Amino acid sequence: MGGKAKIPIGVLFSTTGPYATVGEAMLNGTLLAIDEVNRAPDFDFELVPLVRNPGGETSEYASICRDLIINSGVAHIIGCYTSSSRKAIVPVVEKYDALLWYPSHYEGFESSDNVVYLGASPNQHIVPLAQYMASRFGARVYCCGSDYIWPWESNRVMREIVENFGGEMLAERYLAVGSTEVTGLVEEIRLLRPDFVFNTLIGESSYAFLRAFREAGLGTQSADDVSIPIASCTLSEPELRNIGDPAALGHITSSVYFQSLDNPQNHAFVKNYRTRFGPQKVTSADAEASYNSVHMLALALRSAASTKASDILAVLGDCVYDAPQGRIRIDTENNHSYLTPRIGVSSAGAEFAVVAAAQKPIKPDPFLASLKGAAFMLDAARDQIQPADHSRQPKLRVVS
Amino acid sequence: MTKAIPNFSNKTALIVHKADGNVDSLLSQLRRFNIDAICQWPPRAKDFSPVDIVFFDVDNGFDGMFPWTQAPIPLIAIIGSETPGRLAWAISQHPSAYLTTPIGSKGVFQALVTAFHNHTDRADLQREVADLRERLRCRPLVVHTILRIMSVLGIDDDAAFHLLRDESMRRRISVEACCQELEAHADNFLSTIPELSRSLARK
């Protein structure tokens, strides 16, 4: 039996630097999936990972990417977490007609022909979260976040939705990335008594904030009268470990994936992840999206029998993958993914209990063109179906 | 500057450009924003009432391709050639935003956002300029009215102006409009100011 064709795949995640935790999760998901593809009998090729670590330096991403494409014959790169790193890569993949498979949820408003977006679009995580919180807790929100584009843009969406619910954004506060000066935030929240807090702080800032919030007795787990829920789109299982109980308990997260999802694909994913990377490891949305990127790429490579970006994109719309979160596919109108929004509450053991979920995967809407008619959530606890409004297909006539 | 997320869902765009790769890219992007698009070349539309925004080809554009001197809706110029002549012609159409070819997978959203903003901004400014021009035209009348008030009441120009301004506020109209109303009553004009009638009666 002849050897399988070897296809080099660029793997570009910062496993050192400020995003090391996320980078590691994404790298692990990628490597696990590559192993599975290579062991599977139904692929006639072997994926060869070329792993590079830009160390959290945005300036490194473009040069590493260019090197992989020109010198290593790479046509596909699984990579990036922050929007600044992705935006550094986009001109390179566009110029050389390679494809970046981007696994992170992000603020949207982008749609490059040379990027496949496997993470949640804003209508798949911020919008369901805002609707869930406003309809259950009230629409007076306090927003605190790290000072960069993801929190700025997420807060814009949050503001619009709470105002639609007749509420208001009581305050919008930003901390420099990495700052742990959270005392002012906690005191202001105590004073303003919002119906909920929308937290877009990342990394150490977030951990410090959640601990200080708990210390101040403001959290939903406290015995005091005051009980203000904290909602976010980024809090993940590995971070719950970092924060530690009890500060990590009772927080609400909007995500298309939770480790606690109860289906055979996810049970296998979690088991294999632990077998490969250690029994104490936890999976997360970042790990799952990277894992899905590789499987989706493999399906497209097999279907296209080619590595060329245009050939892959031509078949991508027909590829369907039963991911740990459920069935996913790519919307070739915008290269983003059909994903299933869910709401989880953090609980002991670095897990989330799922309290609400969409009935099925929803169409990605990176430009929030259908914000007014955005789909509501199925309340898993109350088993109550709420109306979903599907965006209408735009008409197109070419007259000449 | 609004804080709302820009939304163009269900708007209609007319693309006055030959169907080509650039138009394909443009249509791809417009689909993402739920915008219905019609491509037409050569330009022959006369009724633009169903259209919310127009994209037009500058390279092949010509005077008279649109039936207006002032576009009632935002225009976005699609620039290919950067020659001075073509750029001057583009500007002469008073577009509210610009796109440059080749049109790829980005750029249309920012053009839409800035086009609608600039179009509204320009319309607001033009209304304000027209209003100010009209008020300027009335300047001699204002001077005349102030002088009459000064003469009849024997007060200085400051007092006369304050009286005129207060009366304008009471009637909720501009100072110029108030002068026009007072002038319409000719010699009796001061009797139409209640405050004055009372103080004249006391004299």
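Two strands pair if DSSP finds at least two bridges between them. By that criterion, 7 strands of chain A form an open sheet with mixed pairing. The structure is a predicted model, in which local features need pLDDT of at least 70 and side-chain atom pairs count only at pLDDT 80 or more, while totals for chains, interfaces and linings use all residues. Residues are numbered from 1 along each chain as its sequence is written, and chains are lettered from A and ligands numbered from 1 in the order in which they are written.

**Confidence**

- The predictor assigns the complex a pTM of 0.87 and an ipTM of 0.84.
- Chain B has a mean pLDDT of 91, and 93% of its residues reach 70 or more; pLDDT is the predictor's confidence in each residue, from 0 to 100.

**Sheet of chain A**

- The strand order is β7-β6-β8-β9-β10-β14-β15; helices (H or I, at least four residues) and strands (E, at least two) are DSSP runs, numbered from the N terminus.
- β7 (168–175) and β15 (351–357) of chain A are the edge strands, each pairing on one side only.
- From one strand to the next, the twist averages 25°; axes are lines fitted to C-alpha atoms, for helices over the stretch in contact, and angles run from 0 to 180 degrees between N-to-C directions.
- Within the sheet, β6 (residues 140–146) and β8 (residues 196–200) of chain A pair in the parallel sense over 5 bridges.
- Cys144(A) has Asn199(A) in β8(A) as its bridge partner.
- Helix α4 (residues 122–137) of chain A packs on the sheet, where it touches β8, β9 (230–232), β10, β14 (342–347) and β15 of chain A. The direction of α4 makes about 145° with that of β10(A).

**Ile252(A)**

- Ile252(A) lies in strand β10 (residues 252–255) of chain A.
- Ile252(A) is buried, because 26 other C-beta atoms lie within 10 Å (buried: 20 or more such atoms; exposed: 12 or fewer; partly exposed: in between; C-beta atoms are placed from the backbone).
- Not counting residues up to four places away in sequence, Ile252(A) touches Pro229(A), Ile230(A), Ala231(A), Ile343(A) and Val345(A); contact requires C-beta atoms, placed from the backbone, within 7 Å.
- Ser346(A) is 94 residues from Ile252(A) in sequence, yet the C-alpha to C-alpha distance is 6.5 Å.

**Contact between chains A and B**

- The contact takes 24 residues from chain A and 21 residues from chain B.
- On the chain B side, α1 (21–32) and β2 (36–40) each supply at least two residues, and β2(B) gives the largest share, 5 residues.
- That side of chain B divides into 11 nonpolar, 5 polar and 5 charged residues. Ala, Val, Leu, Ile, Met, Phe, Trp, Tyr, Cys and Pro count as nonpolar, Asp, Glu, Lys and Arg as charged, and the others, Gly among them, as polar.

How values were computed: Two residues are in contact if their C-beta atoms, placed from the backbone, lie within 7 Å.
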